[in-house]
Every structure is written in structure tokens, then in C-alpha cells.
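Me: I am new to this structure. Could you take me through a few of its details, one question at a time?

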Amino acid sequence: MYPLFQMILLLSERNCEESTNLVIDWISFFGADFQRINGEDLVSNGLVVNISGNGKAIFGTSNESGFKTSNIKSVWFRRWRIPPMLRHAVLLNSIEYDAYRYLVSEFNALSASFFAGISKRNWLNKPSDLTHNKIFVLTQASLVGLKIPETLICQTKVELRAFHRKHSGIISKSIGDTTFFRSENRTFSNYTVEITDKDIDSLEEHFYPSLFQSKIDKQYELRIFYLDGDFHAMAIFSQGDRQTEIDFRQYNTRRPNRCVPYNLPAQIKNLLTALMKRLDMNCGSIDLVRDKKGNYNFLEVNPVGQFSMVSYPCNYHLERKVAQYLIKQAHERK
Amino acid sequence: MVFLLYACCVPVDGARRSVICDLQRNRPYLIPKALFEILTVHADKSLPDIKAYYEHEVDETIDEYFHFLIENDLGFWTDEPYLYPPIAYDWESPSQITNAIVDMNEHSIHDFDWIAMELDKVGCAAIQLRSYSSLSLDELYSILRSFQNCRLRTIEILLKFSEGLELAALEEIVHTHQRVSSIYIHSSPYAEAHMASRTKIPIVWINTAISDHSFCGNVNPGRFASNIQMFTESMHYNNCLNRKISIDADGHIKNCPAFGKSFGKAGSTSLTEVICESDFRKWWSISKDSIDTCRDCEFRYICTDCRAITSNDSDMFSKPAKCKYNPYQATWIANSYSYEQ
């Protein structure tokens with residue numbers, strides 16, 4: 001057993017986060033001590049914050065299952081989201097909607113002060129990783145020498161048509177994060193879609209600012225889990241299946257895309273390492289597309305990506321590797 | 001250009017024929033031994049070189065083979081085989097015990113709170129509850145409540161038919177206790193298969209009368225599991241008994257309820273101690289490659305073993321008695337299963 005004070009803190013969310021559960025299984029297997037705090041816990045666990053005159057804000061709870069944020073030796077910032085329980089079916093222009101926005105802003109302020117109270121050392125991902133936007137990351141990627149698809153954000157049909165003419169095909173995806181749209185009995189999500197002439201015809205002259213990219217003549221997609229200098233890559237053969245050729249997340253469950261381990265060329269690893277350093281990010285899921293000419297095209301990096309979808313098919317045991325990384329960090333003498 | 005199987009499509013050689021285990025789509029594809037040879041011994045050769053190696057006597061057959069592989073999306077042609085490494089075949093788990101069986105009959109007096117606590121200590125991920133007598137809904141709820149706050153991921157339930165167990169009540173159970181992954185009701189006057197409305201968990205009534213553990217240990221193609229966990233565990237360990245612990249209907253702690261040897265009684269002997277005993281662990285490492293006949297069978301890494309009901313009680317390595325397949329002739333004993341494409 002490791003001494004109790006060498007604590008690993010896992011910041012995560014309550015539901016549908018099996019990666020955190022699996023990493024905890026491994027941390028327990030190795031006998032290390034951990035504490036998991038979900039975003040939801042801040043607003044539902046009897047949280048008490050004492051801000052006294054001694055220059056400290058003490059995060060505790062009114063019951064004994066409280067937080068122990070002292071003596072934390074390593075932190076995994078896995079995920080942190082607006083707790084779903086804050087979300088009500090609210091109407092716009094209603095006082096409830098304003099109240100919801102206020103609760104969200106209070107939650108964000110509370111989270112920020114909570115994070116500030118935790119030792120700055122040994123974080124695997126950190127809250128500011130979430131603030132990088134796609135455009136910034138793309139520009140940084142091109143700066144380090146990675147090939148990126150030509151990208152345009154515009155809001156007029158004329159400009160979009162000109163962009164479309166320039167390329168053999170274009171796609172559209174969100175500028176920021178994808179989201180879920182929940183109706184009473186269905187949930188929708190946004191995917192990457194191809195934009196055709198017909199789609200452009202159906203648009204108004206002016207539309208909401210939207211992101212477009214030249215469509216890559218795809219050989220296969222690569223999903224790479226980057227963990228502090230180590231690469232774990234998987235090729236996804238999403239071509240040849242009309243359902244998945246634009247976005248493999250339109251999963252074909254009957255005949256799933258082939259997903260196999262991949263040896264990333266050293267040169268691409270070097271460029272990606274440079275990018276991650278530039279972004280000051282020590283962990284993330286990187287999306288690349290290899291085109292038919294053999295070029296590697298950088299798409300994006302997600303600090304809180306689903307790495308279990310790489311771990312399982314490739315038998316990479318990434319959850320064990322994350323657990324071991326956190327334990328090693330917790331025991332590093334500095 | 002060489003042909004590469006996708007890393008998740010793994011060829012396994014048998015005595016008379018071979019198989020490609022598609023570990024992603026959960027399907028074995030039978031292939032002749034000649035194709036196995038092409039895919040392994042001649043994996044680094046181009047098509048013309050392969051044909052030349054066989055002195056152009058079987059060109060058409062070779063074309064047919066590759067057509068079959070492409071048609072079934074088992075591999076692809078590439079000039080860059082070094083980009084696609086094989087899957088590492090190691091197996092590991094953060095659970096000291098991955099799965100447990102608890103048997104019950106009308107005489108059983110299990111303390112499920114104790115069982116849940118002990119299983120949690122060893123990180124048990126899955127449990128199978130098998131009752132040879134009927135249980136009331138109250139009893140079922142009480143058992144499931146014991147497991148409410150532990151790390152188990154899945155609970156499989158097998159129990160005897162009784163009138164009170166209606167579909168709606170069982171649907172409520174799987175909705176309340178979402179770790180329940182299936183409910184099978186045996187000795188039923190009727191056979192019916194349902195999926196619980198919200199959770200899509202199977203709730204199934206079967207005619208088969210089951211009165212004790214001897215119903216288990218079946219070996220047949222319907223039970224093949226062609227996936228990465230099964231495949232890698234089978235390569236290194238016994239795919240039934242590895243990291244398994246059982247409590248029989250009388251409360252004896254065993255490897256399998258059908259085994260004679262007891263390592264103590266539930267409620268007094270700690271499971272953590274039992275799993276350290278070398279006598280208990282000796283079964284874990286008996287992989288298919290060390291079992292008679294199985295070691296020559298093409299299905300060995302996707303077929304669940306049984307060490308309780310074997311062809312020779314005095315031999316730890318004898319073939320499962322309920323297996324009806326002869327790998328040396330590639331035949332299933334008459335009136336058993338056929339598994340041909």
C-alpha cells in the first residue's frame with residue numbers, strides 16, 4: 001500500500017464516464033489512494049467554502065464524505081461540465097432562463113475557485129485545456145508544420161459558393177464543441193457533414209457564421225491518444241461505407257469500421273509533440289486523416305476525448321497507463 | 001504489395017482446417033489450411049510471388065481465396081505493411097477476481113451482504129446468480145440491494161420459474177438495478193424471449209429444467225465468443241476459471257460450483273485468502289493450448305472451456321466432456337451442432 005497522504009485527485013463527471021471508472025479500477029489494483037470529485041458534487045454534496053482572513057479558501061462539506069483537497073500529489077482533469085441537474089426545460093426570454101444562466105455562471109465561478117485551491121503541480125490535463133478553440137489549434141498546427149485542411153468561416157452564400165468552387169468537395173462542422181439537442185423522445189447531435197451544391201442552394205443569402213473545410217480524399221482516419229510524449233494510434237477504415245465516410249461517429253453497428261493499431265511515422269510524432277508543447281497540453285485525443293496521396297492531415301485535438309474507444313480495439317490498456325502515470329506523478333519527489 | 005489481415009482478424013490453425021477469428025465483428029470464418037499457410041508463412045509475399053511459390057498450379061484457387069478475404073472485409077492490399085502492427089495479445093485486468101458464481105437452492109442460507117463486501121475487496125466485475133429453486137420478487141430485490149453499492153458492473157440472473165415473476169415486474173427490476181444484464185427463467189412451462197422495454201435487457205423464459213450445476217459446461221458454436229478479451233485471455237489462461245470464484249448452494253467456496261474441493265465456507269473464510277492459495281489458482285493457467293484435443297482445435301481461443309465436466313476425471317488436462325467436435329476430422333458428432341458456412 002502507498003501512504004495515504006499521496007493522494008490522486010480525479011476530476012470528472014458523474015454519468016457515462018466509464019474511462020474514469022476503469023482508471024479507478026487500476027489505481028485501486030495498484031493500491032494507491034484516490035479521490036474522485038465530479039462537477040455535480042460541487043452543487044449537490046453539501047459543499048461549504050470558508051474564506052477566512054488567513055489567505056485561504058477551504059473547501060469542505062457539511063457531511064463527512066467531504067473533499068480532501070490538501071495533500072493532493074497528482075490530478076487528472078478528466079472532464080468537467082455544467083451539471084445536468086442545473087438544466088431545466090426553460091423558455092428563452094423567461095426569468096427561468098436567466099436563472100439558469102446565473103446558476104451556470106455561479107457554477108463556473110465556484111469551479112474556478114475550487115481548482116485554484118488545488119496544488120498546481122502534476123496535473124494531467126487542466127481546466128484551461130478546454131478553452132482552446134478549433135481555429136487557434138489549427139493555426140498552431142500549421143505553424144509547427146502539420147498539414148491542415150483549408151478552412152473558412154463565413155456567413156454569406158456568395159463566399160461559400162466561391163469556396164466550394166475552389167475545392168472538389170467541402171464539409172461543415174461546428175466552430176466550437178459539438179452538442180446534444182434533446183427533444184422529448186430523441187436526442188440529436190451534430191456531426192461533420194458534406195456540403196453539396198444543393199445544400200448551398202437551399203441556404204439564405206446570409207446565415208449564422210459557420211465553419212467549412214475542404215473535404216479530404218480520405219484513405220483512413222487516425223485517432224491518437226497522446227499521453228505525455230507517448231503515442232497510441234488507431235486507424236479507422238471509415239471509407240467504403242457511405243454511413244461513416246464523412247464522420248465515423250455515425251457508427252455502423254452492424255458492420256463496424258475496422259479499427260486497428262497504427263504505427264505513426266516518427267516525423268508526424270515529432271510535429272504532434274511540438275504542437276502539444278505549443279498548446280501546453282500533456283494529454284489529448286488527436287484526430288488525423290490520411291489522404292489517398294499518403295499525407296497526414298491534422299483535424300483537431302480533444303483534451304477530454306474518448307480514449308477507451310482506442311484502448312479496447314487495439315488492446316492498448318490505456319486506462320492502466322493513465323493510472324500508472326498518475327501514481328508515478330504522485331510519488332515524484334520534487 | 002502484400003495482403004494484410006486487419007489486426008483484429010486473427011488466423012488460428014487447427015488439425016484439419018483453420019479459422020480466421022474476426023475479433024471485432026464477433027465472427028469466426030472457416031478457412032482451409034492452405035489459406036492459413038498463405039496468410040502466415042507467405043504473409044510477406046506479393047500475389048505473383050505466392051502464385052509462383054505454388055508453381056502456378058493453384059492460381060485460380062489463390063485468386064478465390066483473396067476474393068473471399070476482400071469480400072468479407074478481413075484484410076486489404078498495401079505497400080506499407082509496417083504501418084499496421086498486430087494487436088498485442090496480452091491479457092490483463094484490474095480485478096483480482098473478474099467474475100463470480102453464486103448458486104442457490106431451497107436450502108441455501110447465503111449472507112449476500114457478506115458476499116457483496118468480500119467480492120468488492122477483490123474488485124469483482126461480474127456475478128452470475130443461479131437459483132435452482134424459485135425466488136420471490138422480495139427475495140430478488142433483497143439480494144440485489146446487497147450489491148447496490150459495490151463495484152460490480154454486471155449481474156446475470158438465472159432462476160426457476162414461478163407464477164409471481166411476470167414480465168412487468170422483471171422489467172421493473174432491470175430498470176431499478178441497471179447492473180442486471182440478463183434474466184433467464186428456467187423450468188418454465190413456456191418459452192418466451194423479451195427485451196426489457198427501456199433498458200433492452202434480455203428477459204427470457206426457457207423450458208429446460210435445471211435442478212443443479214450439472215447443466216453448465218456446454219461447448220457448442222452458439223457459445224463461441226470471438227472478441228479480443230476472450231481471445232487474449234484464452235491464449236494465456238483458462239477462459240472459464242481464470243480469476244473466477246464460486247459459492248455453491250451449500251455455501252462452499254470453490255473454483256466452480258461443480259467442483260468437489262471446497263476452500264471454506266462463505267461467511268467465515270475470507271475470499272481474499274482463498275484466492276491466494278496455489279491449490280485454488282492452479283486451474284487459472286490451464287489454457288486451451290495445454291488441454292488434450294482442444295490444443296489442436298481451430299476454435300480454441302473463442303470457445304469457453306469447462307474443467308468440471310471432462311472426459312477423464314483424474315486428468316486435469318482432459319477435454320470437456322460436453323464438446324461434440326472432433327478437430328481431427330473437422331466433424332460434429334451426429335445430431336449435435338453443425339457449423340459450416
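Predicted model: local features only at pLDDT ≥ 70, side-chain atom pairs only at ≥ 80, totals over all residues.

Me: Where does Arg320(A) lie?
Reply: Arg320(A) belongs to chain A. The element that holds Arg320(A) spans residues 318–330. That element is helix α9.

Me: Is Arg320(A) buried or exposed?
Reply: The relative accessible area of Arg320(A) is 16%. Buried means under 20%. Arg320(A) therefore counts as buried.

Me: Which residue of chain B has a side chain in polar contact with that of Arg320(A)?
Reply: Leaving aside neighbours within four places in sequence, Arg320(A) is in contact with Trp26(A), Phe30(A) and Glu92(B). A polar contact of 2.4 Å joins the side chain of Arg320(A) to that of the residue asked for. That residue is Glu92(B).

Me: How are α1(A) and α9(A) oriented to each other?
Reply: Two packed helices are described by the angle between their axes and the distance between the axes. Here the axes of α1(A) and α9(A) come within 8 Å and cross at roughly 60°. Angles of 65 to 115 degrees count as roughly perpendicular, and those under 35 as roughly parallel. The two helices, α1(A) and α9(A), are therefore oblique.

Me: What is the hand of the crossing of α1(A) and α9(A), and how do the residues of the contact divide?
Reply: The crossing of α1(A) and α9(A) is right-handed. From α1(A) come Ser19(A), Leu22(A), Val23(A), Trp26(A) and Ile27(A). From α9(A) come Glu319(A), Arg320(A), Val322(A), Ala323(A), Leu326(A) and Ile327(A). The residues of this contact divide into eight nonpolar, one polar and two charged.

Me: What is the phi of His317(A)?
Reply: His317(A) sits in the loop between α8 (308–314) and α9 of chain A. Its relative accessibility is 12%, so His317(A) counts as buried. His317(A) is not a glycine, although its phi is positive. The value is about 55°.

Me: What is the phi of Asp73(B)?
Reply: Asp73(B) lies in the loop between α3 (59–71) and β5 (75–78) of chain B. With a relative accessible area of 18%, Asp73(B) is buried. Asp73(B) is a residue other than glycine with a positive phi. That phi is near 55°.

Me: How far apart in space are Ala274(A) and Gly145(A), C-alpha to C-alpha?
Reply: Ala274(A) lies in helix α7 (residues 266–279) of chain A. At 33% relative accessibility, Ala274(A) is partly exposed. In sequence, Ala274(A) and Gly145(A) are 129 residues apart. In space, C-alpha to C-alpha, the value is 9.3 Å.

Key: Residues numbered from 1 in each chain as written. Chains lettered and ligands numbered in written order. Heavy atoms only, no water. Helix = DSSP H or I, 4+ residues; strand = E, 2+ residues; numbered from the N terminus. Buried < 20%, exposed > 50% of the residue type's maximum accessible area, 1.4 Å probe, protein only. Polar contact = N/O pair within 3.5 Å; in protein donor to acceptor, adjacent residues only side chain to side chain. Contact = heavy atoms within 4.5 Å. Axes fitted to C-alpha atoms, helices over the stretch in contact; angles between N-to-C directions. Parallel < 35°, antiparallel > 145°, perpendicular 65-115°, else oblique. Left-handed = near helix turned anticlockwise from the far one by under 90°. Nonpolar A, V, L, I, M, F, W, Y, C, P; charged D, E, K, R; others polar.
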